[in-house]
Amino acid sequence: MSSSGSTHPSTPSSDDGIQEGIPVVDAGTASTLLRLGLDQRRPVDRLIRRLSATDGAAWLDSALGWGPMQGMASPRDVLLGGGADLDLLKRIKERGKAIVKSAVSNDEQVAGLAGYFFAVAAALRWHGTLIANRAPGEVAEILLDVAAVAPQPYQDLLSQAAMALRSA
Amino acid sequence: MSTDVFPSTLNTWIDDERRRGLSGQLAVNHYVMSAYAWPLRVYYLGTNMRWLGEPDEIIDGFFASRLAHDDFYEKWRGSGKRLRHWLINALHFYLREQLQKSRRDRTVAAPGAEAGDVTFSGDPDRETDRIAAQAFVREAMNLAAQTCRDKNLGDHWSLFLRHHVDGRDFNELAREFSVDAARAAVMSRTAQRHFHLALREIIARDGVPDDQIDAEIQLLLERIS
């Protein structure tokens, strides 16, 4: 066994940079935070991964146009302007769902997911109505997770929709 | 032993750093000491050898003795063990060496260690896992906090801590951080995402393949409960 004096270690002190501000965590806190490390493996996580990519914002604008909102003049106006009626948002959601089911590529499937969840968010934000057949708590968690990686102004749409559900 | 027998997804950070040469080796050693010093100290205090010296001195001596060896990490990789268990195993050998040294230097018998075996009060594996769970969370917090600082997300990180550690709700935090509740929620969630990735990275560095990280977290949750 050989040894090298050049890598001779010294234990970092408690005020070493990397440990700055983080005290030893108690078992209760550790348990709470450990759970946040679990992968949930939901379909929406594919959308979250896609939006997290460096080209996520550009991809979203393009994907909504050729995906579930194809043929609409401005997907942004429909989702963010507040003028779209509930029936239109339900149709976008259903189109998104159909695309997810029939998709032949990952990108297509993820575009379908975007249409589905963004339409759900817009319905909550502008009409205060949950149009998804899921538990409100589950939808709020999903919308917040997507919001954390979504570009503005979609991030505000998603987070406001999530908070509307949480406070309902 | 060749490292080729291990999946390429295993310990990529440690391998990548070590391939960078001396500075990478130092970074790996710094990380291992930062992450594992506290668990090793706590473990040492639970052994029959705790009279050998002050915990900080013993653990500093242990790291100095073992991490400077060029093949330390290769031997760990060859063992197939989690790094935390490998380090505890290595600590046992180190404590035995210290006992022999103590016997040479002193003429008095060591209390409770006549046979020279290191024993631990309790189940050593369970206790190692329990302490490591807390240490991993702390290291993940360090890593995520650094990432948030680098990305100018300092307030996001503070919000995350206030919500998940201090238990404050978003309406309260909205007032504290002068944002609306929706903004507070998404800021916290952004930092949470960095913490999620950091925790999985820290657990991977312990020698856990990507596809076993969820199972490892479940094990640690069970140990810590």
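Helices (H or I, at least four residues) and strands (E, at least two) are DSSP runs, numbered from the N terminus. This is a predicted model, in which local features need pLDDT of at least 70 and side-chain atom pairs count only at pLDDT 80 or more, while totals for chains, interfaces and linings use all residues. Residues are numbered from 1 along each chain as its sequence is written, chains are lettered from A and ligands numbered from 1 in the order in which they are written, and side-chain values use heavy atoms, with hydrogens and water left out.

**Confidence**

- The predictor gives an ipTM of 0.88 and a pTM of 0.84 for the complex.
- pLDDT is the predictor's confidence in each residue, from 0 to 100.
- The average pLDDT of chain B is 89, and 91% of its residues score at least 70.
- Residues 1-8 of chain B have pLDDT under 50, and the model has four contacts for them beyond four places in sequence; a contact means heavy atoms within 4.5 Å.
- Where pLDDT is low, the predicted coordinates should not be read in detail.

**Chain A overall**

- Chain A has eight helices and zero strands, and its elements run α-α-α-α-α-α-α-α from the N terminus on.
- Of the 168 residues in chain A, 48% are buried; buried means under 20% relative accessible area, exposed over 50% and partly exposed in between (1.4 Å probe, protein chains only).
- Among contacts in chain A with a separation of 6 or more, 59% join residues 24 or more positions apart.

- Helix α5 of chain A (residues 86-102) has 17 residues and reaches 24 Å from its first C-alpha to its last, close to the 24 Å expected at 1.5 Å a residue; the expected span is 1.5 Å times one less than the number of residues.
- The buried residues of α5(A) are Leu88(A), Leu89(A), Ile92(A), Lys93(A), Gly96(A) and Ile99(A).
- Seen down the axis of α5(A), these buried residues fall within an arc of 140 degrees, so they line one face of the helix; the arc is that of the directions from the helix axis to the C-beta atoms.
- Arg91(A), Lys101(A) and Ser102(A) are exposed on the other side of α5(A).
- The cover over the buried residues of α5(A) includes α4 (75-80) and α6 of chain A.
- Helix α7 of chain A (residues 136-147) has twelve residues, and its reach of 16 Å from first C-alpha to last is close to the 16 Å expected at 1.5 Å a residue.
- Buried residues of α7(A) include Val139(A), Ile142(A), Leu143(A) and Asp145(A).
- The buried residues of α7(A) pack against α2 (44-52), α6 (106-127) and α8 (154-166) of chain A, together with α9 (181-205) of chain B.

**Aromatic rings and charges**

- Over all chains, the whole structure has eleven aromatic pairs; rings of Phe, Tyr and Trp (its six-membered ring) pair if their centres lie within 6.5 Å, and planes under 30 degrees apart count as stacked, over 60 as edge-to-face and the rest as tilted.
- One of the pairs is Tyr36(B) with Phe136(B), edge-to-face at 6.1 Å centre to centre and 85 degrees between the planes.
- Tyr36(B) lies in helix α2 (residues 22-45) of chain B and Phe136(B) in helix α6 (residues 124-150) of chain B, so the pair ties together parts that are 100 residues apart in sequence.
- Tyr36(B) counts as buried at 2% relative accessibility, and Phe136(B) at 1%.
- The ring centres of Trp157(B) and Phe160(B) are 5.0 Å apart and the planes are at 25 degrees, so the pair is stacked.
- Trp157(B) and Phe160(B) are three residues apart in helix α7 (residues 154-164) of chain B, separated by about one helical turn, and both are buried.
- Phe62(B), Phe63(B) and Tyr94(B) form one aromatic cluster.
- Arg205(B) lies over the face of Trp13(B), 3.7 Å from the ring centre, and its charged end sits over the ring of Tyr31(B), 4.6 Å from the centre; a charge sits over a ring if NZ of Lys or CZ of Arg is within 6 Å of the ring centre and within 35 degrees of the ring normal.

- Arg162(B) lies in helix α7 of chain B and counts as partly exposed at 21% relative accessibility.
- Leaving aside neighbours within four places in sequence, the contacts of Arg162(B) include Gly167(B), Glu176(B) and Phe177(B).
- Gly116(B) is in the loop between α5 (83-105) and α6 of chain B and is buried, with a relative accessible area of 8%.
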